[in-house]
Amino acid sequence: MEQFTRTALATAFMCAMAVSSHAAAPTFTWSGATYTAPDEVVVVKDSEVSAYYYPFKVTAGATGTAENFKMNVALKDDDNSRSQLYAVNVQGNVTFGGSSFDLTASTDVGGGGNNAVIGLWSYSADTVTLSAANVTVNAVSTHADGKSIYAIYHSDGTLDIQSKVLNVSYETHTNRTSENQYSEAMGMDVAEDALVKLSEHTVLNITGSSLGEDKAELTNGSNAGAGNYYGAGTAYGVKLEGGQIQAMGTTNVKLDAVGAHTAGLLISNFFCLLYT
């Protein structure tokens, strides 16, 4: 994942706290054992939020189960301030159960360097469990200089997926023109010694589309590095950045791209890359 996610957690949370006090941009919080379902549809203008927008937060002290979670969050561009969208942020030891889990995070806000839209971000010191029978996570960025996409980003503890079907999809229109920037999009990113476990009866389907038309070229300057490209945003199925995935069931990955590079699985330890 882009560099900000590894170095700015504390800053991001401070920003999120500031956002939560903004009446025009709703933030729903699950803390303790009490869960209250968020609005199913949330549409927010870029001018109504600060640098980071966290629509739904699960605090470190949260426990219990949320049944049939459903949320569709759209961040709309109206002032080019380029806020980032982190739709569902889970830090507590909780379970999302029931018959379904349905999450969509979409934006037409611009991006640039170190700027992202995340669908589900889990970073509990313990375990986050997805046991809803059918899970759908979708992330979309439509701006030509848009955001990197992480439909699911897991950065700490264990994400235990026991669902029957997990459908993860994304669509990026990002097409970087600056040689010193890069962009990427992926169904799942596992970082920082985190672990994702998928049960033997779980079918994981990842579908991704990169619609940028410029041929991807290696990034130059301070952001240069193996796997970093400007032009059309690179499309991955799963990316491991120091984390692990134990996929005991069936995994299907389908990626479509115009000018971008694609990889079903990318394993990176910042020194070497393995494409499969």
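This note sets out numbered points on the strands, aromatic pairs, nonpolar cores and salt bridges of a predicted model.

1. Basis. The model is predicted, so that local features need pLDDT of at least 70 and side-chain atom pairs count only at pLDDT 80 or more, whereas totals for chains, interfaces and linings use all residues. Residues are numbered from 1 along each chain as its sequence is written, and side-chain values use heavy atoms, with hydrogens and water left out.

2. Seven-strand sheet. An open sheet has the strand order S2-S6-S9-S11-S13-S17-S22, with parallel pairing. Strands are DSSP runs (E, at least two residues) numbered from the N terminus, and two of them pair if DSSP finds at least two bridges between them. Strands S2 (41–45) and S22 (250–257) are at the edges with a single partner strand each, so one side of each has no neighbour in the sheet. Within the sheet, S9 (residues 100–107) and S11 (residues 134–141) are joined in the parallel sense by eight bridges, and Ser106 has Val140 in S11 as its bridge partner.

3. Strand S15. All eight of the eight residues in S15 (residues 184–191) are buried, where buried means under 20% relative accessible area, exposed over 50%, and partly exposed in between (1.4 Å probe, protein chains only). S15 pairs in the parallel sense with S12 (residues 148–161) over five bridges, and Ile152 stands opposite Met188 of S15. S15 also pairs in the parallel sense with S20 (residues 234–241), over seven bridges; here Ala191 has Glu241 in S20 as its bridge partner.

4. Aromatic pairs. The structure holds 13 aromatic pairs; rings of Phe, Tyr and Trp (its six-membered ring) pair if their centres lie within 6.5 Å, and planes under 30 degrees apart count as stacked, over 60 as edge-to-face and the rest as tilted. One of them is the edge-to-face pair of Trp30 and Phe96, at 5.9 Å centre to centre and 90° between the planes. Trp30 belongs to strand S1 (residues 28–30) and Phe96 to strand S8 (residues 93–97), so this pair ties together parts 66 residues apart in sequence. Trp30 is buried at a relative accessible area of 0%, and Phe96 is buried at 1%. Tyr52 and Tyr86 form a tilted pair, with 5.8 Å centre to centre and 50° between the planes. Both of these tyrosines belong to one aromatic cluster, whose members include Trp121 and Tyr150.

5. Nonpolar cores. The largest nonpolar core has 52 residues, and Phe96, Phe101 and Leu166 have the most contacts inside it. Such a core is a set of buried Ala, Val, Leu, Ile, Met, Phe, Trp, Tyr and Cys residues joined through side-chain atoms within 4.5 Å. S12 gives the most to this core, with five residues. A second, separate core of 14 residues includes Tyr52, Tyr86, Ala191 and Ala263.

6. Salt bridges. The whole structure contains five salt bridges, each a side-chain nitrogen of Lys or Arg within 4 Å of a carboxyl oxygen of Asp or Glu. Asp145 meets Arg82 (3.1 Å, N to O) and also Arg176 (2.9 Å, N to O), and the three residues are linked in a network. Asp145 is partly exposed at 24% relative accessibility, whereas Arg176 is buried at 1%. Lys239 and Glu184 meet at 2.8 Å, N to O. Lys239 lies in S20 and Glu184 in S15, so this bridge ties together parts 55 residues apart in sequence; both residues are buried.

Conventions:
Helices (H or I, at least four residues) and strands (E, at least two) are DSSP runs, numbered from the N terminus.
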